[in-house]
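Here is a short report on one structure. It covers the pocket, the contacts and the backbone.

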Amino acid sequence: MSSSKTYTILVNAIKQHADDFLAVNAKYTPADGSLSEQYNRETGVPLSAKHLTWSYASALTAFAARGGRVLPSWGAKGLKVPDVCIPSPVVSATFNVVAETVFGENIYLAGSIDQLMNWSPDNALLFSPDAYPKWSVTLDVPASIDFEYKFIRKYNGAVVWESGPNHLVTTPPTGNVGFSSTWH
């Protein structure tokens, strides 16, 4: 398997992707070598605390792995990968918003968790207008978590975010939950 052409192509592509990622990190690392936890995706400007030890540990581990070496653990002890992966519990969440629109305009949902597309307006979830002017969408979200969301209007390529603060909600440990609002 490790000598197949497909394997070699995949390994080389993964290495190139990883090298490109490290090159971006190097490009935006200040002259003093400080590493941040987060960077602006558009400009590369560091956005968070500098000199985080785990950032240095991650960089050193990546450099060693690229050189074919596996470093010992940085301190985690007694960890065991489970034999069976058990999915995290989810609840069925229905989001409703009352919003009047013009023909061709649609309402979408975006928010702070993966299921809500991590605030991406390009990938936001389309509501159903079946009970217009109430728009709805139902999906599974993680149980027992806090997250934020907002509604978006899209019309002729324009994106308009709902005004005001984000909606902050908590999901129950089991069952179904509904979140309803009016467009602001």
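On a 1 Å grid over the protein atoms alone, a pocket is an open set of points with protein on both sides within 12 Å along at least five of seven lines, and lining residues have an atom within 4 Å of a point. Grid points are joined across faces, edges and corners, and a volume is the space filled by probe spheres set on them. The model is predicted: local features need pLDDT of at least 70, side-chain atom pairs count only at pLDDT 80 or more, and totals for chains, interfaces and linings use all residues. Residues are numbered from 1 along each chain as its sequence is written, and side-chain values use heavy atoms, without hydrogens and water.

The largest pocket holds about 410 Å³ of space. Its lining counts 18 residues; Phe 21, Asn 25, Leu 35, Ser 36 and Tyr 39 lie nearest the centre. H2 gives the most to this lining, with six residues. Helices (H or I, at least four residues) and strands (E, at least two) are DSSP runs, numbered from the N terminus.

| Helix | Residues | Supply to the lining of the largest pocket |
|---|---|---|
| H1 | 5-27 | at least two residues |
| H2 | 53-66 | at least two residues |

Helix H2 also carries Phe 63. Together with Leu 60 and Leu 71, Phe 63 makes a nonpolar surface patch of about 280 Å². Such patches take residues with over 30% relative accessible area and no salt bridge, with nonpolar side chains joined within 5 Å. Areas come from the Shrake-Rupley method with a 1.4 Å probe.

Two salt bridges are present. Each needs a side-chain nitrogen of Lys or Arg within 4 Å of a carboxyl oxygen of Asp or Glu. Arg 66 bridges to Asp 19, with the closest N and O atoms 2.8 Å apart. This pair links helix H2 to helix H1, 47 residues apart.

There are ten aromatic pairs. Ring centres of Phe, Tyr and Trp (its six-membered ring) must lie within 6.5 Å; planes under 30 degrees apart are stacked, over 60 edge-to-face, the rest tilted. The rings of Phe 127 and Phe 151 have centres 5.7 Å apart and planes at 65°, so the pair is edge-to-face.

The backbone has two further features. A cis peptide bond joins Tyr 132 and Pro 133, with omega about 15°. Pro 133 lies in the loop between S4 and strand S5 (134-142). Trp 119, a residue other than glycine, has a positive phi near 70°.

How values were computed: 1 Å grid on protein atoms, 1.4 Å probe; cavity = no way out; pocket = protein on both sides within 12 Å on 5 of 7 lines; lining within 4 Å. Patch = residues over 30% accessible without salt bridge, like charges linked within 9 Å, V, L, I, M, F, W, Y side chains within 5 Å.
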